[in-house]
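The entries follow in the order I looked things up.

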Amino acid sequence: MENNFKMIAKCLYEFEDDLAKELRQLGAMDIQKGVRHVSFVGDLGFMYKANLSLRTAISILKPIFSFKIYNEEDFYKKINAFAWENLIDKNGTFAVESTVNSEIFTHSRYVVFRTKDAIVDRFRDKFESRPNIDTDRPDLQVSVHIDRGNCEISLNSSGDPLFKRGYKTATNIAPINEVLAAGLLLKSGWSGQCDFLDPMCGSGTLLIEAAMIACNIPPNINREHFAFQKWEDFDENLFEIIKDSALKKVRSFDFEIKGYDKAPSAVEKSIQNIENANLSEFIEVKRQDFFETSKTSDRHLHMVFNPPYGVRLDVDIPKFYSKIGDTLKQNYPGTSAWFIVADLEAIKHVGLRPSRKIKLYNAKLESRLLNYQIYEGSKKAAKQ
């Protein structure tokens, strides 16, 4: 137990419950939900496992100290007094990120600059040498969180946000964030127990995340780098054991995962990304217009997609969403259809009553994740 420590997993708004559930399933202890984060307790190996295996986490932070602040000078002194030389070499590199909700500090960039100054000044005073700033791949990524008079300093063990899975080399005009895609799938109840379709698949993100959930593949297994790999206490043997253990839990998948897109460029990009993720054997992508398709089997179908919403792609919202509703109703009996909508007026044009509406954010756009249950017999009723 003495090797356990507190960690914080950051997430998107409204995904705290999903992240907490993931952490419970992984075996985390003392799970506490906050706003856009979940704190938990585990050891070094669990930190590696969390980075590899959590689908809805954006980053995993390791708090190292906290303090009260009353003014700017107080903040500088507390940062400067910490023994940073125990964590980073004087010839090493570091970067600082911050989130700020404070009357003392109104700009997060200023907090970043003052933190850098305090750390650099300590090294200059002690060693007449200083670590350099490297925002790309630093030896140490320091995270500063200020909430009113409370300041918590953490190390970011992830580095690049965890939505950078390592498989996406080709994107379309409005790609969906990988962490958001995984979260939508988990909220929809997708677990790989039936056929899956993304009828507007773009660069293939939802397809890839769906296949990884279905096969229980760690979402970040394709990443080249995590920040903790440059830490002084990095245990490469333990990391390899954790990776091997996660991969042994991969399971077979006995259904179909399909994607459609009417744009040839999108189909090419999705196929490339699927190959990068080593999932070509599980996913089939075709160039097809969803509005000209129909269900291809009598089995239950789980559908999740991210339709255009008129911000980056120009669409006639009333006409487009009306066609979505008509296509589902007439051509997809026995389907649980889920899609995310950023234009809330668009919901009125679908022409079907959603069985669920979940409030979310897609980037900064307030959105809804909608579920439509299309029952067997809907097609017959539509023809009468």
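I started with A181, which is buried at a relative accessible area of 0% (buried is under 20%, exposed over 50%, partly exposed in between, with a 1.4 Å probe and protein chains only). The model is predicted, so I kept in mind that local features need pLDDT of at least 70 and side-chain atom pairs pLDDT 80 or more, while totals for chains, interfaces and linings use all residues. Residues are numbered from 1 along each chain as its sequence is written, and side-chain values use heavy atoms, with hydrogens and water left out.

A181 lies in helix α5, residues 178-187 (helices are DSSP runs of H or I with at least four residues, strands runs of E with at least two, both numbered from the N terminus). I listed its contacts, leaving aside neighbours within four places in sequence, and found I176, T205, L206 and E209 (contact means heavy atoms within 4.5 Å). I also looked up A181 and N306: they are 125 residues apart in sequence, and their C-alpha atoms are 8.9 Å apart.

Next I took D18, which sits in helix α1. D18 is buried, with a relative accessible area of 13%. Not counting residues up to four places away in sequence, D18 touches T56 and K187.

Then I turned to helix α2, residues 44-53. Nine of the ten residues of α2 are buried: L44, G45, F46, M47, Y48, A50, N51, L52 and S53. I noted that these buried residues pack against β1 (5-11), α1 (16-26), β3 (37-42), β4 (57-68) and α7. At the start of α2, a side-chain oxygen of D43 comes within 3.3 Å of the backbone nitrogen of G45.

How do the axes of α2 and α7 cross, and how close do they come? The axes of α2 and α7 (residues 236-247) come within 9 Å and cross at roughly 50 degrees (axes are lines fitted to C-alpha atoms, for helices over the stretch in contact, with angles from 0 to 180 degrees between N-to-C directions). The two helices are therefore oblique to each other (under 35 degrees is roughly parallel, over 145 roughly antiparallel, 65 to 115 roughly perpendicular, the rest oblique).

I wrote down the residues making this contact: L44, G45, Y48, K49, L52 and S53 of α2, and L238, F239, I242, K243 and A246 of α7. By class, the contact has seven nonpolar, two polar and two charged residues (Ala, Val, Leu, Ile, Met, Phe, Trp, Tyr, Cys and Pro count as nonpolar, Asp, Glu, Lys and Arg as charged, the others, Gly among them, as polar).

Conventions: A polar contact is a pair of N or O atoms within 3.5 Å; within protein, one must be able to donate a hydrogen and the other to accept it, and residues adjacent in sequence count only if both atoms are side-chain atoms.
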